[in-house]
Every structure is written in structure tokens, then in C-alpha cells.
Amino acid sequence: MTARARTLGELLDTPGYAGRTPFDGKIRLVQDEVRENLTRKLRSGEELFPGVVGYDDTVIPQLVNALLARQNFILLGLRGQAKSRILRAITELLDDVVPVIEGMDMPDDPLNPVGAEGKHMLEVHGMDLPIRWLPRADRYVEKLATPDVTVADLIGDVDPIKAARLGTSLGDTRSMHFGLLPRANRGIFAINELADLAPKVQVALFNILQEGDVQIKGYPIRLELDVMLVFSANPEDYTARGKIVTPLKDRIGSEIRTHYPTDVKLGMDITAQEAVKAEGVTVPGFMAELIEEIAFQAREDGRVDKMSGVSQRLPISLLEVAAANAERRSLMGGDEAVVRVSDVYAGLPAITGKMELEYEGELKGADNVAKEVIRKAAGAVYGRLCGSMDTQKLEKWFEDGNVFRFPQSGDSGAAMKATKEVPGLGDIAAEVAGSSSDAVRVSAAEFVLEGLYGRKKLSRAEELYAAPEPETRQQRGGRWN
């Protein structure tokens, strides 16, 4: 109903605004608006941040507390921890639309304008002041901080041409060309990677938030903005590229730490939600778990830089590439597309590009580190899913000097027949697969062999599986058993 109001007079006749007058002191700030909508959602039991998985008991309660307290806040965490997603999700706590003065660069409240231009327009037009309705999607402004960002980019700059046209002095706010922050008035302004901002820009930022004034080219400018400011930063940036200046850090209400998924199942949920689905490709549960476990193993590997972290984008990208390789194999051979271990190895570029290596890892080589991480992950998942299965006959067959080259081409029926060469492999694969599909069983058979390799019960050279190396066999007789 209020969306039809086009002037201030019409607005004051609509429910929710009736009886009010300009500058009546009833100012509803953005933080108040977010708090009211958040309170309503909490009472009704609505989902607060759809798509944000794994933070229900950690990050979200802290975030809700900060929003209820009407605080600006910063999300501090390594890459790939859904920081930007959370910041954007806060827009859902804004009203559907709010009224602003028509024809202004800076959205301003027609009832309580903060800008000189808005106050002037209210004086001139009175109840005929034209208004427009700003949807919540347009009330979110995001800026990725880089060292070359200037005060003019964020706050604004003096525009001599505008001053000449309006007949004002250069120190008048009406002569300013507004930057991103004033254009986010009546909304949310997000800065990603805050530590990358130059110190003088950070100082201007907190000054305008705290005192409402800033100096631009020597002219004191006063802007009492109604804006909710939210930040994200990576702890690595504090030493690698810059730091948050103390006065700004002191004025940020809450510092909320994000984290990677705490268990594989949560990680699988996130990966399944974010990965682009490959049409017609089957991803068995044990393969989805293997792909997720690779990220967990990489985060624990001593050759991978802990400060950089291993992004959740690793398993997402790896799942997409593995599914694409399975689809390619299916298109070339005409067989059912099911993700296999060989498809994971084909996805090495999705792993190596997501890991920052320590010196030892650099010496080893990114591909070799990634292959060892896959091996460890296969052993861990195999231990969880198949640890109680009897594989003695299978292992003895290899220890007797036999080798098995896993079929990489041909249809899955022929591949399944080939696996019968290894005693017990077909039965174990059928139990792991839980499916009558030959393609899924072939995937399970390769997973079982890779799992035994990961447990150091077999050795592997490309797709060729054999008995463990003598030194490995000796280790198994000791501390590995």
C-alpha cells in the first residue's frame, strides 16, 4: 500500500507513517530495522541465514548477538569460510522497501534527511517532496578492499563543476561527488579484506562513522550517515599485507571468528549445496566422502601452509572436475557416468591450485603432495566404511606376487568381470556400493583398492595395484598394525 506513495504528503497518509511530521525525532536507524526483523524471525522460528551450513552452534549465535546489540562487526577467518555469503545474507533482515528522496545520489530519508541536499529539497518542496521506494537488494553495497582504494573512492571528493553549477563553496557538502559509503546510506556497507585498506583510508572510515565528519582536500565535511558497517578479513593479512589500525578495530563492536566445517558430513553438505551439478552423473556416497576428506587431510598436512588454510572451494571444485571427467569417459565410451577414484586423480588441478605449500611441500612438488593427500584420504574413508571387512584373501593374492591393472576403458560390465580376477574384490565392492549397478560397483572396487593402498596394505603405480613395498610390509608388522 505504501509503495504507491510518490510524495511526502502521500507517505504521511499511509499506515505506519500517519501522524508523523518531518524531523519529529522518531528516527529508525538501519540497525533498529535489522534488530526488529531479526527479533520477529527469532520468535517465529524462521531460518535466519539460508545456505549457511555448519555455523548453527558457533558463528550464528555470536552474529545474532551482535545484530541484537545494534553493533557493527567483523568476520575474521581464512578463505572459503562463507564470510561474504553471511554478509550478503544480512540484507534479508532489512525491510522489503523503504522511502527515499527522489533524484539524489545519496539515498536519504524524506522524514529525517541527513544530507544538505536532502534538507534543501525538503525545504523547497515541503509535502510535495518526490520520493521513491528503495528495495532491500539495492541497499547493500560491497567493496573489496585493495591498497589502491582512496578516501575519494569510499567517502567522496570535491566536485568543482558541481559547486559552480549550484553556486556553492567547495566546502559545501552539496558540491561533493559522493563515494560508496554515502551511497550506502539507509543500508548496509560491507568491506571485504579490510586489512588491505591503507591506514589513512581506515582512519577516514572510522572518523566519519564515529564523529560524522571527515576532511576532504582540507575542507571539513559533515555527514551523519545512517549506515550499518560490516567487515570481513583474513588473519593472514595482519602480517602478510597489512593490518587493521587500532582506532578502527576498537570501534568495531564484535569480532566474530569463522571456521572450516568441523566434520566431514557437514563439509559434504556444503559441497553438495555449492557444487555445480553435472547432469546425468552419479556421485556415490563413498566417493563424495573421499572428495571431502581430501580437504580435511590437506588442512592437517604439515606441508600445507596453515596460515593460508585450505578453502572449502577445494572439494567443491574437485567434485565438479571429477564429475566432468566421469561425464567425458561416459560420452566417449557410452557407459553410465559414475565418479571413480581415477576421476579424482584427473582432478589434481583443482587440488594443487587451492593449496599454499610450505618449503618442504615446494621441494616435494604440488602434484606429489596432492597425490599423497588423496592416498591418506582414501585410507581414512576406507577405515570408516570398510574397516571391519575381511580382506585377507585379497591381500594374500597380492602378496603372492600378483598385480592388477584396474580397467580405465571399456564398459562397466567388462570392468566388473575383470575385478573377479582378484579374490573377494567383487563381493566387497558390492557391499560398499549398495547398488546393483555395475558402474557403481566398479567405482566401489577401485575405491576399495585405493583404500587398501591408503592403509599401506597395497602399493600403487598409476592404475596398477600390487603388494606393498618390503619396507611398508615391515612397518605393517610393527607400528602400522
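I sorted the lining of the largest cavity by class and noted 5 nonpolar, 2 polar and 2 charged residues. For this I took Ala, Val, Leu, Ile, Met, Phe, Trp, Tyr, Cys and Pro as nonpolar, Asp, Glu, Lys and Arg as charged, and the others, Gly among them, as polar. The residues lining the largest cavity are M104, M106, G115, A116, E117, T173, R174, F178 and L223.

The model is predicted: local features need pLDDT of at least 70 and side-chain atom pairs pLDDT 80 or more, while totals for chains, interfaces and linings use all residues. Residues are numbered from 1 along each chain as its sequence is written, and side-chain values use heavy atoms, with hydrogens and water left out.

I searched the whole structure and found 1 cavity of 30 Å³ or more. A cavity is here a set of points, on a 1 Å grid over the protein atoms alone, where a 1.4 Å probe fits but cannot get out; lining residues have an atom within 4 Å of a point. The largest cavity holds about 50 Å³ of space, the volume being that filled by probe spheres set on the points, which are joined across faces, edges and corners.

I then turned to the whole chain. The C-alpha trace of the protein chain spans about 95 × 50 × 40 Å along its principal axes. I counted 23 helices and 16 strands in the protein chain, as DSSP runs (helices H or I, at least four residues; strands E, at least two). Of the 481 residues, 51% are buried, that is, under 20% relative accessible area with a 1.4 Å probe, protein chains only.

Definitions and conventions. 1 Å grid on protein atoms, 1.4 Å probe; cavity = no way out; pocket = protein on both sides within 12 Å on 5 of 7 lines; lining within 4 Å. Buried < 20%, exposed > 50% of the residue type's maximum accessible area, 1.4 Å probe, protein only.
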